[in-house]
Structure formats: structure tokens, C-alpha cells
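Colleague: Can you walk me through this one? I'll ask as I go.

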Amino acid sequence: MLIFEHSAKGRKTKIQSTSGNEMPTDIPASLLREEKPGLPEVSEMQAVRHYTSLSQKNFSIDTHFYPLGSCTMKHNPRVCNSLAMLPGFLSRHPLAPEKLSQGFMECMYELQEMLCDVTGMAGFSLAPMAGAQGEFAGIAMIRAYHDANGDTERKEILVPDAAHGTNPATATMCGYTVKEISTLANGDVDIDVLKEAVGPQTAGLMLTNPSTLGVFERRIEEIAKIIHDVGGLLYYDGANLNAILGKIRPGDMGFDVIHSNLHKTFSTPHGGGGPGSGAIGVAERLKPFMPMPGVKKVGDEFQWLTEEDCPHSIGRMSAFFGNPGVLLRAYIYMRLLGAEGMQRVGEFATLNANYMLTQLKARGFEAAIPDRYASHEFIITLKKQAKELNVSAMDFAKRLLDLGYHAPTTYFPLLVPECLLIEPTESEAKETLDGFIEALVQVQQEAETDADMLHNAPYTMPVNRLDEVRAAKQLDLAWTAESKA
């Protein structure tokens, strides 16, 4: 039910009101409304109950197992929230002078340093507000680097066919053309194709390692050499950093720039389009081009690093400085874990994924890359079920909702037919993993005996199966009085 459906003309509450209905006097008459806005007229209790009820219908990491591949939906420790909301942090104005922001700036400086240590990069900027913006900053720095060297004929970015869709989009937004590099059946980048593709036109290669196929790129040092030998740079998509945390560093693999999704790997609340953080790390040669602002330490004091310090910076990603609440939560999470704890994150994330992969293969499910260990995630392909039983990955996904589990990522990466990309993270207990495995087995049995049950799922959600084509082509999200009638 929409909140408008609770509405009754003239109903209102003044409990929270601190004044009468005085109108501001400094707004020009030409800008004032002539009619009241079409807002719902409800009591405070109705509003509270309505939004509380909506929150109880949500699937979330706090309520359900959420194995969303390549999104790393892991536990968000409450202590991180509590400390990030201390009054000194919460009340700090973004324009507060440096002398009144020393505590916050010290945390941000230490976060920059810790991220450098974890990733093997020479410098880090916390300015990007999201992973996609971090990607944009990374490729913009690659372009600025080549332009500064007068190497303006490098107009091409290479992207594997298993990459996140944001990779080619980012390269295009930065003015590059994109050339796709194919992947072998074993999950590795096709080295022969890569060698044929590189040349004086190559600005760089965007790579996720481990890849979205859930396996580690075993010839990464050879790939780095191929790119560097032709003068290109290597970009690391940090969406899957959780898998290698504390084990191996992108800088040691030969990467020149990396964005890290702090809201994934370092466990801050995310979803619904934000908030996020796409902190960006760089090798020494890209430090002059980092986005501003940053934090520097001068003696015992902390100061803002600005365009005056870095005249070749690609500029600012937003009006101020990243998402402070997200950055603080990531900082606290890293301090709580320490180096040993971060290593355990990678170990248990990988252990959980390989346990699930082994169990599902033993129960008859087909792995997309059957001869490889998983990293932090793995792919099950339901192409056999689609062909023999006329049920799809989406049918499985919808039915899982009825059984109390959020579906894995479906149909990504696109090169795997009827794909389920499963990432359990390190947060989950063995009993939870076993429950999800049994749920998939149950759905498989239902597919074999009553495929229509899957076609019409879900049955227990606030809404049943939607016509997704119609929703995409005839989307209508606006409520009007005529809608109610």
C-alpha cells in the first residue's frame, strides 16, 4: 500500500512543529506556489507505521543471506556505525578550518596510508564518492599521464569480455575507444589475443583480479609486462579485492592504478545507489594527477592537499571530500581488523566460496569453470536446466526468495549462459551456507517435477512476478489523485 492510500483530506500532525505557518519573507512572490504540493495527508503515527512496515519487507544483509556475486554484501559491524557518529565527526562542517578538523583529518590520513599498505600503491585519494566515480578518476589519470608525456595517440583502452559493464562505459566517458579481449574457457585472459591487440595506440588495460568469473588471473605478471612494454598502464578494478585481502597486493602484480570499493571490501553500509566510496590508489608516476582534496601531514599537523600542491591534478570529484561517514566506517573497520584480521577476511571468504562450490558440484550443479578453485565467488551455470526443464536462472532466483534467501547475481558475466554468480563472503556461518545449498537443491527438485511453480514464483513477497519488459518500457512511478480513483 502507498502512503497516499492512507491519506485523508485535512489530516495532519503538529507534534513536530515548532512554529506556526509563517511564510519566509525573502522568497520572491513569483517563486511561491499557488497551490499546495500533492503530498499525503497523514498522521505521524500513520507515517511511522507505513515506513516501518516497508522496512520489514526489505531483503537486507541484516535479515537474510545475501550472496550477491561481485557486490560483497558482508556484515557491517555496529561499532563502526557508533564511532563514525560521534558528535565530533557528525557535526563537523565540510568548510570547518583545519585547526578544528585535526581528529577527522588524522583518521583520513591514516586511512590513506593503510590503503597504500594493503594494496601496494604509492598514494591514495579518498575523494571519489562511489566505485564508478573511482573508475572514472583512474582512467582520467591514465589519460592525463599520457597527455602530459605528449603521448596523445594512445586512444584505446583494452577490456576483457568478463569485465564489469562500468569498465567500457568509463573508458568511453574518458574519450577512449574500447577493444574487447576474449577469455579462455579456463577463465584466463587470452594472452595471444592480448598480444595482437596491443600497440602504440594502447593507453591501458582494465582488469579485475580475481575476475568476475571467480578465478585468479594466473599470468598477471606476464600481462603487466605486455602492457608496460608498449607504454600502456594497467588499471585494477577493485570490486573483488575482498578475495585477496592480506594475501597479495595489486601494486605487486604490476598495476598502476586501482579503485577500491570501500563499501564492499571494508564493510560499510551500501545499496540503493549509495552511499559509497571508490577510493583511488596510484603508482608513483600517477601521483601528480590524483584527484583533490587529500590529506597531508606536516610535522604534527594535518593539512588539506589541494590543487596548489598538485597543479596537474585531474581536479575534484565533488564539492568537498568524498563521503566522510563511509570513509570513517571503513577506517574503523580496518583498525579493528588489523593486518592479521584482514588476512583472515580473505582466507574465510575464499574458504566459504570453495566449500559451497564443492558441495553444489556434488549435488549435481554445473560449475562454469569446473577445473579451477574459486576465489571469493564462483559461477553455477543452469544452461542444462534451461534446455531440459525449461527453467531459467531467473526462475531459480525468484523461487529462492520464497525460501528466505536473496538470489545471487544473475546473468553476469554475460559470457556464461544462465549464470548464477555466488559470493558468500566471510561473514556467514557454515549452517547458513548449508541452508542455501539445500534451498538450491529443493528448487532443482521442484524444477524437475513442476516447472510452472518456478515460472510463477515468488509467492510470499509483497508482489508476485512482475512483467519486467512492461515495467522497463512503461514505467510509471508517479502517484496522482486519478491513480487512487
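Colleague: Which residue stands opposite L421 in β13?

Modeller: T409 does. Strands here are DSSP runs of E with at least two residues, helices are runs of H or I with at least four, and both are numbered from the N terminus. This is a predicted model, where local features need pLDDT of at least 70, side-chain atom pairs count only at pLDDT 80 or more, and totals for chains, interfaces and linings use all residues. Residues are numbered from 1 along each chain as its sequence is written, and side-chain values use heavy atoms, with hydrogens and water left out.

Colleague: How many bridges hold β12 and β13 in their pairing?

Modeller: β12 pairs with β13 (residues 419–422) over 2 bridges, in the antiparallel sense. Two strands pair if DSSP finds at least two bridges between them.

Colleague: What order do the strands of that sheet take?

Modeller: The order is β10-β11-β13-β12, an open sheet of 4 strands with antiparallel pairing. At the edges are β10 (366–367) and β12 (409–410), each pairing on one side only.

Colleague: Which helix lies across β10, β11 and β13?

Modeller: Helix α11 (residues 324–362), which runs at about 20° to β11 (378–381). Contact means heavy atoms within 4.5 Å. Axes are lines fitted to C-alpha atoms, for helices over the stretch in contact, and angles run from 0 to 180 degrees between N-to-C directions.

Colleague: Is L336 in that helix buried or exposed?

Modeller: L336 lies in α11 and is exposed, at 52% relative accessibility. The cut-offs are under 20% relative accessible area for buried, over 50% for exposed and partly exposed in between, with a 1.4 Å probe and protein chains only.

Colleague: What about phi of T72?

Modeller: Phi of T72 is near 50°, again positive in a non-glycine residue, and T72 is also placed in the loop between α1 and α2.

Colleague: Are S70 and T72 buried or exposed?

Modeller: S70 counts as buried because its relative accessibility is 4%. T72 is buried too, with a relative accessible area of 0%.
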